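Trainee: Can we go through this structure together? I'd like to start with the cavities.
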Amino acid sequence: MNIKTLWVTIVTLCLCMTSAEAEVAGVEVIHECDTTWRFGYSGIYVYARNMHRIDIAYPSVDAKGNAVLLSGSIIIPSNIYDDGDPVDGMVLYNRYTQTEPRCVPTCGFAESESAILASPLKPNWILVESDFYGFGVSSEHLVDQYYVYGDANGYASIDCLLAARQVLDERHISQGKFLFNVGLSSGGYDALATQRVRDMYYRDKVFFDKTMVGEAPFDVNITYSHCLQHQDDDTRLSSFVPLVLESFNRNDSLGFTYQQMFTEPLASKFQEWFYSGKYSKKAARDSIKKSGNRLSQVLSPALLDSSTVEYHKLREAFERRSLTKGWTPDRSQRYFYMHYTRDKAVPIDAGRALLTFLTSKGFEKSLIPEKTNLQTCMYIPSDSHGLCGAHFLLKVSAMLAAYPVLYYDGELNTYYYDIIKDLTPMGIVKKLENEGYDLSAMLDNLTGGRLPERVNVITLALALTTLNEPLLEWGTNVKELTQIASDSGLELSDMVTIINYLQSKNR
């Protein structure tokens, strides 16, 4: 390095330090540019949309309540920013797992975000997104990031939203009527953490019209139990679990060494693969495969054995940070949750833990959009985490486009309300029959005609437990279909009514 280069570097570092000290007291715009987001899948793009991006630094707190400086982005479609088109609302987006410092909003990374705003539906919403601690202006703390760890990233998201509002207000840019809280996978976990932080501490400042989350490990203990049950399977969990274990070990001060947590070469290479910034998610995942494709080959025996001290310390840490306990969700908030039933990356039982928690607090599950405050989409028997993610993002984009119509006057559109207000599971059955579907024949095909003629709750439950052979082209079974029905708010009594009705059509 020559003298000139050294001098420029020193001056730049000094400016950055001075700027950081000043920014802790408030919000500051650190970068601004026009950019283009592209819509597509697996590198094939079919649509593009121009955006204006404003990167900000803002004050927040870490998991221990210490003041920190974080960064995030405000993304405004150019037709709003340049042409003054009306704004429908804002999306607070919680990004999913990243390992590279460059793969964050303030570096222009928008892999999933573009599927929301740059879709051909062109939703006129502003997107706000935090880099999260350990990235962006706090990238020197990459090793200290919070991964699937309690409320930590929830505070980062809420504070980013409040900072973005300040910047938009100063520029007299409308924020629209609506506010959505969105997250997928680990970002779904952080979106629920954001909802929890909002419900506990920010009810007077933030109101989410809808929280949309997908395939997330809300209950880490349940997720880990699933991992242990499948530790000898060829699994896709091997890249997710080490990050979680390291995050809890560090942030809960469990005191484990890498050698106590992992086998070789992961134990020696963890910091390089995850914290050097040189490895993409795929490269890190491929590197882990050097230890093996099974969790039993990746994790140390101590973390797999329920008789060890290490195992119990870890489980207790998971329980302390659970998002499905210790708070009272605000029932004025609406949820949408999506999960493919056989997801190999994040087990669906972790999602069901959220449904169980919310229903215990008075929320009602429904397959019908806007019917209740807890809409679910957990009926697709696929194991693809990535495909579910793409499906989820399209649903978010569609909901953003539809919401201003559904609630054009602040209340549910009266025309739409008239359609759904009396809709019941039986109503759906009759509507399908009116569309020409022979549901009676479908029932016979599913069960082989082996359900008893006179059905009540007991006989149905007994009959379903005996019908476990694969059904349909999905290779599912009646037990799984029953669980899917329950996930969607279809209870056993509904099923009895429907089955009695369909069987009577065949007599």
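Mentor: One term before that. Ala, Val, Leu, Ile, Met, Phe, Trp, Tyr, Cys and Pro count as nonpolar, Asp, Glu, Lys and Arg as charged, and the others, Gly among them, as polar. Also, this is a predicted model: local features need pLDDT of at least 70, side-chain atom pairs count only at pLDDT 80 or more, and totals for chains, interfaces and linings use all residues. Residues are numbered from 1 along each chain as its sequence is written, and side-chain values use heavy atoms, with hydrogens and water left out.

Trainee: How many cavities of 30 Å³ or more does a search of the whole structure find?
Mentor: It finds 3. A cavity is a set of points, on a 1 Å grid over the protein atoms alone, where a 1.4 Å probe fits but cannot get out. Volume is the space filled by probe spheres set on the points, which are joined across faces, edges and corners.

Trainee: What volume does the largest cavity have?
Mentor: About 100 Å³.

Trainee: Which residues lie nearest its centre?
Mentor: Arg95, Phe132, Tyr146, Tyr147 and Asn153, out of 14 lining residues. Lining residues have an atom within 4 Å of a point. The lining divides into 7 nonpolar, 5 polar and 2 charged.

Trainee: On to helices. How do the axes of H4 and H5 cross?
Mentor: At roughly 70°, coming within 7 Å. H4 covers residues 152–170 and H5 residues 186–201. Helices here are DSSP runs (H or I, at least four residues), strands are E runs of at least two, and both are numbered from the N terminus. Axes are lines fitted to C-alpha atoms, for helices over the stretch in contact, with angles from 0 to 180 degrees between N-to-C directions.

Trainee: Which residues make the contact?
Mentor: From H4, Asn153, Gly154, Tyr155, Ser157 and Ile158. From H5, Asp190, Ala193, Thr194, Val197, Arg198 and Tyr201. Contact means heavy atoms within 4.5 Å. These residues divide into 5 nonpolar, 4 polar and 2 charged.

Trainee: What about phi of histidine 172?
Mentor: Positive, about 60°, although histidine 172 is not a glycine. Histidine 172 lies in the loop between H4 and strand E6 (178–184).

Trainee: Why does histidine 172 count as exposed?
Mentor: Because its relative accessibility is 73%, and exposed means over 50% relative accessible area (1.4 Å probe, protein chains only).

Conventions. On a 1 Å grid over the protein atoms alone, a cavity is a set of points where a 1.4 Å probe fits but cannot get out, and a pocket is an open set with protein on both sides within 12 Å along at least five of seven lines; lining residues have an atom within 4 Å of a point. Buried means under 20% relative accessible area, exposed over 50%, partly exposed in between (1.4 Å probe, protein chains only).
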